[in-house]
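Here is a short briefing to read alongside the structure. Take a moment to turn the model around before you start on the points below.

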Amino acid sequence: MINRRMLLGIAGAAIMAASVAAPVPARADALEDVMSRGVLRVAVPQDFPPFGSVGTDMAPIGYDIDMAILIAEKLGVEAELVPVTSANRIPYLQTGKVDLVISSLGKNAEREAVIDFTDAYAPFFNGVFAPDDVTVSNAEDLSGKVIGVTRGAIEDLELTKIAPSDAVIKRYEDNNGTISAFLSGQVDVVATGNVVAAAILERNPPKRPEMKFLIKNSPCYIGLNKNEPVLVEKVNAIIAEAKADGSLNAISEKWLGAGLPEEL
Amino acid sequence: MIEFTLWDILRNLLLAARWTIVLSLVSFIGGGVVGAILLFMRIGGSSLLRAFTRYYVELFQGTPLLMQLFLAFFGLGLFGIDVPAWFAAGLALILWTAAFLTEIWRGCVESITRGQWEASASLGMGYVQQMRYVILPQALRVAIPPTVGFSVQVVKGTALTSIIGFVELSKAGTVVTNATFQPFIVYGLVALIYFALCWPLSKSSQILERKLNVAHRNH
Amino acid sequence: MSLIEITEVRKSFGPNEVLKGINIDVAPGEVIAVIGKSGSGKSTLLRCINGLETIDSGSISVAGAQLLPDEAHLKALRLKVGMIFQQFNLFPHLTAGGNVMLSQMVVKKTPKPEAEAVARRMLERVGLAQKFDAYPDELSGGQQQRVAIARALAMQPTALLCDEVTSALDPELVAEVLAVVRELAAEGMTLLMVTHEMKFARDVCSRVVFMHEGRVHEIGPPEDVFAKPGTPELKQFLGMQ
Amino acid sequence: MNYVFSFSWLAEYYPVLLKGILITIELTVVGGLLGVALGTTCAWARALGPAWIKPPVSAYVELIRNTPFLIQLFFIFFGLPSLGVRLTELQAANLAMIVNLGAYSCEIIRAGIQATPRGQFEAGASLAMTPIQTFRYVVLVPALQRIWPALSSQVVIVMLGSAVVSQIAAEDLTFAANFIQSRSFRAFEAYFVSTVIYLVLAIVLRQIMAGVGGMLFARRSVR
């Protein structure tokens, strides 16, 4: 039988785990590790099109994947793609199993306390979509509506900020959940990327999502471990170079159907 | 967007199902071995070992397998122990399977009547001999149907290894759905493949149970 | 010189004292019937002699082997004294022959051919030579009990304890088991049996023990105990009032 | 180890966590009660019911036991609307758990019924009870008592299995952990805390099941 002693034991274990928090020592140079290894390990999504999806051979494809390959090329190393989910992408980074997370990460203060971000590498055109007969034209109109969104994605963070308090936000595990919820009528409104909405339209569904308004444009950032200034600097330089020489614009055209916006 | 044909979908799911099968075999066989060791600790003489196994079972049966996998892979990584994903998956699945098998088997050992213990004791057998020659051979027969039945849970449990990067059947289903946005076809096929893997197991468990019951009708 | 010495044995289950100081000495070759109401402690006494129950105080020894709670002493004791149970307790996963061979092989380390020869001899002795390969669930209750007797005899004990060996049997099967026991008695085996078969006790036993409320209430040769009961309890038990 | 654990997010997110715990408890209680009721009915149908009822019940039990819970959940939540049945995520999660536990408990309870000695049925019949009366008053309670430990374990398994309902946006304990980690990136802390809570819930649930068993079967020891 389980008794108070066991419960105490559990509590004790929790406290112990909490108290092993040691101060962070300055890490060895991660860039040096990558160069000497000759391999850049990058966490990429595989269930978040168009940033990360799979081809018919199950190999990852998408904006984030091309970005990872681009960075590896500029570094002159091999790219090793590690498919991740929104639940485990940060643990992969924190336990040193990958060097970078290129997984359409949005930035907020809370997240910045845990990991570092580079400069923005991708725009994120996300909007609020709904069928013809739903009248929504701005955030206030969402009042009383049920809105589907993919949990932890940028649009989730942004929508949570701008939606009125009586809007009900349903957060699904992945884009498929959000889309299925929309198509099956579980939600009337979804907030998602324009490209995802376009993909739904391609299927010719009975409910056709129309762009109602654009959510504030918040770009994506590459995530890396704290205290790696050299790596941050190097990746930022590569991003700036890719912006300048048009290669990033090409990736954007390819996957998002539009070039990089001015402000990026 | 890339077009998947039905064959592309099915082919990729079947390829991923290989992981499901490999992981199931590893966890079932490994879990069986660990479970057997735990069983002897659980029913053996030392009260310390008995308490240990009781808490072990409580811990692994009382927390989600998903979290066990997560902590085995990333938790160890956090402490600087870098284990490969297959090791963490194998470890967590084996320990989890063992916890359930130990309890199933303990029930089977306890279902052997006192008379069998007494009769073998009265013939001068020691504890190990009683176990080896009288109790276990009988308990084993009782244990076969529920053990085979539990293997279905193991097959389904492997789905959770996607948290540490395995693309097995369920995860492949999710990934393909997110590439095709055709959840009904994809998840329908996923369900069918699981059914094809699991149903023979549960059916044979039922058949074995009936057979053994018939064999024991006079008891 | 006694074969079985039971001295001042006390045994409680929780607050309930079921044996309140038992003294019995059994000489070699004696056949003793233990009778009494259910709950009088007679089965517990038998189980104590075989070490299936521990005792709280007093001592029990069989042919020099003392009842002590460690495995080595228990084994030595159990090699001297066999036990037959009301519920037979055959091993259902072994044939009749396998039942009789098993303990010879694992306890006495008898080689298999020799154990098999002994098993065949013992099964023949109880009239079941042809059932060597039958499984327990293919045998009648009476046959199962006879296999159980053969199994105990194969260990060559100096004494046998019989705990209501016919109580679980259909009436028509009682006789075949009693016939085997009667034969054992005739061959000089020391027997201590708890039984409800009064006629059998009168015919075969050298002494009868009447137990009442955890004590030996009366003891004596059957002709005395049955014909001239000295206490009202025994009279009532025998239905003589 | 150069990771700094921080539980400061607890201050901000404890309402999410608390809500998650409550929903997990609600799902377990509703799913447990109705699931066992469904399982009992199906067990009766499979063991003692009329011949026509057995094939559909068997099909249901086999289908559920041999496919993953997540897939069942998806079909209920995303699939039923196309048949005109629209459930909220909580209703869908509840229904999925009832259907799932119903199938498992059916098999467990059936084993208990089949272990009932024939004489019990005959005694009931000889007292002029109908088969259903015999089942309800004579067979059921001892059968439940026989399989109570197995049933308790299954309820705990279903409680832990409810973690996947977060995938259809039901805001249970796992949803809370995922939500917190998606905002704060404190995955280890969020999962560790939720694991400990699950363990405590499992232990408490086991105790409750033991208590309920004690009440149901008080002074009715069958051996």
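How many helices and strands are there in chain B? Chain B has eight helices and zero strands. Keep in mind as you look that this is a predicted model.

**Chain B on its own**

- Reading from the N terminus, the elements of chain B follow the pattern α-α-α-α-α-α-α-α.
- The C-alpha trace of chain B spans about 75 × 50 × 20 Å along its principal axes.

- The size of an interface is often given as the accessible area lost when the parts come together.
- For chain D and chain B, the buried area is about 2,800 Å², with 73% of it on carbon and sulfur atoms.
- Chain D brings 30 residues to this contact, and chain B brings 28 residues.
- The interface of chain D and chain B holds one salt bridge; you can find it between E58(B) and R206(D), whose closest N and O atoms are 3.4 Å apart.
- Nine residue pairs across the interface of chain D and chain B are in polar contact, counting pairs with both residues at pLDDT 80 or more.
- On the side of chain D that touches chain B, the elements giving two or more residues are helix 2 (54-65), helix 3 (69-79), helix 4 (89-114), helix 6 (131-161) and helix 8 (187-216) of chain D.
- Helix 8 of chain D gives the most to that side, with 10 residues.
- By type, the residues on the side of chain D that touches chain B are 21 nonpolar, five polar and four charged.

**A sheet in chain C**

- Strands of a sheet pair through backbone hydrogen bonds, either parallel or antiparallel.
- Chain C has an open sheet of six strands in the order 6-7-8-3-9-10, and the pairing is mixed.
- Strand 6 (81-84) and strand 10 (215-220) of chain C are the edges: each has a single partner strand, so one side of each has no neighbour in the sheet.
- From one strand to the next, the twist averages 20 degrees.
- Strand 3 (residues 31-35) and strand 9 (residues 207-212) of chain C run parallel and are joined by four bridges.
- To see a bridge between strand 3 and strand 9 of chain C, look for I32(C), whose bridge partner in strand 9 is R207(C).
- Helix 2 (residues 71-80) of chain C lies across strand 6 and strand 7 (159-163) of chain C, and runs at about 75 degrees to strand 6 of chain C.

Notes
Residues numbered from 1 in each chain as written. Chains lettered and ligands numbered in written order. Predicted model: local features only at pLDDT ≥ 70, side-chain atom pairs only at ≥ 80, totals over all residues. Heavy atoms only, no water. Pairing = 2+ DSSP bridges. Axes fitted to C-alpha atoms, helices over the stretch in contact; angles between N-to-C directions. Contact = heavy atoms within 4.5 Å. Buried area = accessible area lost by both parts, 1.4 Å probe. Salt bridge = Lys/Arg side-chain N within 4 Å of Asp/Glu carboxyl O. Polar contact = N/O pair within 3.5 Å; in protein donor to acceptor, adjacent residues only side chain to side chain. Nonpolar A, V, L, I, M, F, W, Y, C, P; charged D, E, K, R; others polar.
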